[in-house]
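Please look over the sequence and the model before reading on.

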Amino acid sequence: MSSSAPQPEQLHFASDGRTPNSPHPVLIYRQLPLNDADLAAAFERLFASHLWPAQWRGSVYDYHHYHSTAHEVLGVSRGWARLVLGGEQGREVELRAGDALVLPAGTGHCGVQASDDFQVVAGYPPDQRYDLLRPDERSHDAARERIVRVGVPPISDPLTGTQGALVTLWREGAAVSR
């Protein structure tokens, strides 16, 4: 997929004191032009081609959580789901097969409803290992410190490559926040 891929929707979430979220926007790509009947395999190849190797296939936990040590890309390979992004008081979004979601480290997410066949493929930048944290005011500040150290992926957007929206939007945002 080239940099001519559709531009993603952007969602911005601030810390709520329990879920750190991120200064970088969440990116939602709708109905990516993946010409393959096996969307899971297509997402795995796409993520790998942009150096965000897929690590698992599954669902999204039905409780609020976030990762303070890794960015995450989720490609919907089957079915549909409604997720709440940004923490317990966040925003609900619906994703369908062919959509993809890029979550910067610290972004809260929770599955609230899904079709029986719902499946995502998850990928992460090289050398990032995700943790799993629940919203909590006691661990919030330490998590924020870890999130800052994750930084902007140096290589590429997992869906559109080196000229993708993530590279532009996240790097510009990082430069502004310095």
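How many nonpolar, polar and charged residues are there in the lining of the largest cavity? The lining has four nonpolar, five polar and one charged residues. The model is predicted.

**The cavity**

A search of the whole structure finds one cavity of 30 Å³ or more. The volume of the largest cavity is about 30 Å³. Its lining consists of H67, A70, H71, E72, L103, P104, A105, G106, T107 and H109.

**The sheet**

Three strands make up an open sheet. Their order is β6-β5-β8, with antiparallel pairing. β6 (91–96) and β8 (109–114) stand at the edges. Each has a single partner strand, so one side of each is left without a neighbour in the sheet. From one strand to the next, the twist averages 30 degrees. Strands β5 and β6 run antiparallel and are joined by six bridges. Within this pairing, L83 has V93 in β6 as its bridge partner.

L85 belongs to strand β5, and W170 to helix α3. The table sets out where each one sits and how accessible it is.

| Residue | Element | Element range | Relative accessibility |
|---|---|---|---|
| L85 | strand β5 | residues 80–85 | 0% |
| W170 | helix α3 | residues 165–177 | 0% |

Is L85 buried or exposed? L85 counts as buried because its relative accessibility is 0%, and buried means under 20%. W170 is also buried, with a relative accessible area of 0%.

Next come the contacts, leaving aside residues up to four places away in sequence. L85 touches L11, F13, V26, G90, R91, V93, L101, L103, G108 and H109. V93, the bridge partner of L83, is among these contacts of L85. L103 and H109 also touch L85, and both L103 and H109 line the largest cavity.

Which residues does W170 touch? They are H24, P25, L27, H71, V102, L103, P104, V152, P153 and A165. Among them, H71, L103 and P104 are also lining residues of the largest cavity.

**Separations**

L85 and N21 are 64 residues apart in sequence, yet 9.3 Å apart in space, C-alpha to C-alpha. W170 and R96 are 74 residues apart along the chain, and their C-alpha atoms are separated by 25 Å.

Conventions
Residues numbered from 1 in each chain as written. Predicted model: local features only at pLDDT ≥ 70, side-chain atom pairs only at ≥ 80, totals over all residues. Heavy atoms only, no water. Helix = DSSP H or I, 4+ residues; strand = E, 2+ residues; numbered from the N terminus. Buried < 20%, exposed > 50% of the residue type's maximum accessible area, 1.4 Å probe, protein only. Contact = heavy atoms within 4.5 Å. 1 Å grid on protein atoms, 1.4 Å probe; cavity = no way out; pocket = protein on both sides within 12 Å on 5 of 7 lines; lining within 4 Å. Points joined across faces, edges and corners; volume = space filled by probe spheres on them. Nonpolar A, V, L, I, M, F, W, Y, C, P; charged D, E, K, R; others polar. Pairing = 2+ DSSP bridges. Axes fitted to C-alpha atoms, helices over the stretch in contact; angles between N-to-C directions.
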